[in-house]
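Please look over the sequence and the model shown here. The paragraphs that follow go through selected parts one after another.

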Amino acid sequence: MRLIERDAALASLQGLLAEVVDGRSRVAMVTGVVATGKSELLHAFAEQAHDLGALPLVATASRAESDLALGVLGQLFYNAPLTPDAHERVMDLLRTGAAAQSGLDAFEQVDAEIVHALCAVLLSLSESRPLMIVVDDVHYADRASLLCLSYLVRRARFSPIMAVFSQSDHMHHAHRFFPTEMLRQPHCTAVRLAPLSRAAVTSMASVRLGHETAERLAPEWHALSGGNPILVGGLLDDAESGGAWPAERYGEAVLSCLHRADPVLLEVASWLAALDDPALVGRLADSDSTPVPLSIHWLETAGLLESGSFRHEAGRSAVLAELGADKRQQLHRRAAELLYAEGAADVTVAEQLIEADFSDAAWAVPVLESAAHARLADGEVEAAVGYLELALRGCVDERRRAVIVTLLMRADWRINPNARTGHFAELTEALHNGALRGGDAVVLARALLWHGRMGEAGDVLEHLEKLGDTEPQTVAELAGTRLWLRCSAPPLLAHLAAPVREQASEAVLPIQVSRRLESVKALASVLVDGPREETASTAERILHSSRLDDLSMDTVESALLALVYGGRPDMATPWCDTFLDELRTGGAPARLARLTAIRAEISLRQGDLEDAAAQARRALQIIPPGSWGVAVGGPLASLLLAATAMGRYDEGLAEVNRPVPEGMLQTRFGLHYLHARGRYQLAVDNTAAALRDFRLCGQLMVTWKMDTPGFIAWRTDLAEAHLRMGEREEARRLIEDQLTRSGPGTARADGVAMRLLAAAGEVRHRPMLLRQASERLQSCGDRYELAKALFDLTEAYHSVGEFRRAGIIAGRARALALECGARPLSRALSDEGVAGDGYTTEASKVVAILSDAERRVAGLATVGYSNREIAAKLFITVSTVEQHLTRVYRKLNISQRSDLPPDLKSQSGHALVPVQ
């Protein structure tokens, strides 16, 4: 290594040697922390000895030879210019002295005659030429050599001999007498080497990388190296390689420094790399008598640490890699044991247990379990899962294992509900053995239900019912489960048919449990009896006091759905968005997906079709459909409804063909799915299939006593299907039945029902009914259903000859349809041919009066296609063709095919898929 910023030190040594040449003895002790260039300085100085008129004798002590008696002294004599006889005599003295020393105690003196004889040889050499004795790393020298050198320095006070020794400041000296003895000598000079300055680092970098690069990077390199020349060299090597820095060579330089240093420093550095906590390392080292504070001081002085931590992760990583996995784990285990004994926080102890991969101690499992609860409360799910998995490996108690697995299942539920299905058998067995009870058994039942294993879920609930646990928390859990089943999977209520002590006072329950019960009660009330005046305020109060942790997801979800099904999606929107923002910064994808699915349903009920489809797709991307279990019906239904309304029938067909769990139709999610599939079938003129879906949906809702219009107004859907088939009386009966169920929060369902009632009634009554329908739909905020009502109102005004009104309403309807993304509806409301004064031309009047599907059928009829041929071309039934033509004749006030306008063909379009 080129000497940099060492000119003053070298000049000092040269000045001392000049005095020796003049006949005076001098001693120099070169000191400094590890890797500051002491060896380079001594070697450079020794190479100048001949030019300065001196005879150099050089030795380098090493840790490996520190027990070799007279080893360093032997190195000095190895290249000494001795006569053969003198050389042979010196070798005999060294062998004799080494043999004699090997039998002595480490602190006994070397034979005085041998020391005197060896020193006499060195003194005789100085008589003919000034002598320079150089010993590098003298702190590693053997005791016998140090005794001889000490004797020589004292005896050669007026001989032309210069002795230069280097030692590290931080080293633990086995033979402390030597540096103390040397520095006491009046002719000894101390030469201390300091770390390199920023200017020196810039100079080093300039030589290898150029001045411009050096000026730009040197400040950071000086900070990363602390001025340590070896570390600077590692940074330069990394920079020259063209890759990122600090990197591999910097890490190697850190290790090189540590291996040159005292083993204590290497040990402390290893502990710091593993634990990254100087205070903890200090407490661990107390039992080993390791001087940690002093070692950290020297490591900082050497440029390896700053404020007790490695200056860069690359250095820490290199030390960790060399430490090895086994030693690291042992160290973390010792740290965990110490922290536990000191009463540290469970999370702090658990972090060490994770690093140690250790949970065999009796205290480890409860600590890990407690730490997992704390992490879950903070939203750090992945850390909690790690604690629980380690606890499970070390747990031998069946009851505690069941509790841990249940908690693990709940934690993983936030990430991937499909992750822990392999534990179902173990938990079921624990239930039957009495090791799984209360709320933990409820978690198992809900997990089985989620995955569509309805029979197994029922068995668990029945077994839990038989246990008759009267503990308040369990009673509340079962009460909440009963309400949750009422809202989500009513067929399973039979397995909890007996009263579950719901009269138990909630005052003794944790506030989160009470709030969850209140929330699910609100949802159950909306689904069974419809919303009340106070439903919205109750739900908002619950949401205001909730945050998304392990226990409150059901609370938030139930309160949001109570608002949605209670006819207040506008109130649910800001709350849902707030919770979604909270979850996007956390590690709970399953909860994020569930809330995103609710957001899709909210957008759908507000008529924002594009956003509803996007939110539903996002929910199915956050966790894949296979992990949704029976709940997949929620986002699938929203996506299918939105795609159908936007005319994306290919996308809708893909969702219809997607496999779904068999048990889904025994849940609320299955009702959503049946309703959505029915709407799709109706849109593509598969009316018979739509009827089946709507009827089954209605039958289940009636059977489950969830027949409220704010949830799913299945009667209006069924009525629309009957209207498509020309069955007006049946449609009217269903619509009137629906309207008798009107109440708070049913404006949306009422508006849709009145729109269909107008379609089933006489032409002269339609404008009035459709205006009323539009008012209700505007009040509830569903822009898509409002656009459909306005479209029908446009047709109604045309039917009674009020073309100016029709033009005005058509423009508003088209704007709404475009805003919603309802392309089929906006195409049907195309303003092509509308006159500037608000009246329509004859051709555009026909276009506005007829629906898209009717125009396609009529357009083909005008060019001579038979009903069967039209059905084949449009992929619909002959009956549907006949129904369309009947409506066309009525709207155009004609009685036969030959009366169809001749220009209708040009207005028919080319799409072969009917619109909704």
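**Cavities and a pocket**

Among the elements around the second largest cavity, helix 24 contributes the most to the lining, with four residues. Helices here (H or I, at least four residues) and strands (E, at least two) are DSSP runs, numbered from the N terminus. The model is predicted, and local features need pLDDT of at least 70, side-chain atom pairs count only at pLDDT 80 or more, while totals for chains, interfaces and linings use all residues. Residues are numbered from 1 along each chain as its sequence is written, and side-chain values use heavy atoms, with hydrogens and water left out.

Rolling a probe the size of a water molecule over the atoms shows where empty space is left. On a 1 Å grid over the protein atoms alone, a cavity is a set of points where a 1.4 Å probe fits but cannot get out; a pocket is an open set with protein on both sides within 12 Å along at least five of seven lines; and lining residues have an atom within 4 Å of a point. Grid points are joined across faces, edges and corners, and a volume is the space filled by probe spheres set on the points.

How many cavities of 30 Å³ or more does the structure hold? There are nine. The second largest cavity has a volume of about 70 Å³. Its lining is made up of Arg446, Glu477, Gly480, Thr481, Trp484, Arg516, Val520, Asp554 and Ser558. Two or more of the lining residues come from each of helix 24 (472-488), helix 25 (511-529) and helix 27 (553-565).

The second largest pocket has a volume of about 840 Å³. It is lined by 37 residues, and Arg724, Asp792, Glu795, Glu854 and Arg887 are those nearest its centre. Elements that give two or more residues to this lining include helix 36 (714-724), helix 44 (852-862) and helix 46 (878-892). Helix 40 gives the most, with seven residues.

Next comes an open sheet of five strands, in the order 2-3-4-1-5 with parallel pairing. Its edge strands, strand 2 (55-60) and strand 5 (188-192), each pair on one side only. Two strands pair if DSSP finds at least two bridges between them. Strands of a sheet pair through backbone hydrogen bonds, either parallel or antiparallel. Neighbouring strands of this sheet are turned by 15° against each other on average, direction ignored. For such angles, axes are lines fitted to C-alpha atoms, for helices over the stretch in contact, and angles run from 0 to 180 degrees between N-to-C directions.

Six bridges join strand 2 to strand 3 (residues 131-136) in the parallel sense, and Val58 stands opposite Val134 in strand 3. Helix 3 (residues 71-78) packs on the sheet, where it touches strand 2 and strand 3, and its direction makes about 145° with that of strand 2.

Strand 3 is also joined to strand 4 by five bridges, and these two run parallel. Ile133 has Ala163 as its bridge partner in strand 4. Strand 1 pairs with strand 4 in the parallel sense over seven bridges, and Val27 stands opposite Ala163.

Why is strand 4 (residues 161-168) largely enclosed by the rest of the structure? Eight of its eight residues are buried, so the rest of the structure largely encloses strand 4. Buried means under 20% relative accessible area, exposed over 50% and partly exposed in between, with a 1.4 Å probe and protein chains only. In a regular strand the side chains alternate between the two faces of the sheet. In strand 4, Ile161, Ala163, Phe165 and Gln167 point one way, Met162, Val164, Ser166 and Ser168 point the other way, and all are buried.

**Selected residues**

Most residues other than glycine have a negative phi, and most peptide bonds are trans. Ala35 is not a glycine, yet has a positive phi of about 65°. Ala35 sits in the loop between strand 1 (26-32) and helix 2 (38-47) and is buried at 8% relative accessibility. Asp137 also has a positive phi, near 55°; this residue belongs to the loop between strand 3 and helix 6 (143-155).

Gly678 lies in helix 34 (residues 668-683) and is buried, with a relative accessible area of 0%. Leaving aside neighbours within four places in sequence, Gly678 is in contact (heavy atoms within 4.5 Å) with Ala690, Asp693 and Phe694.
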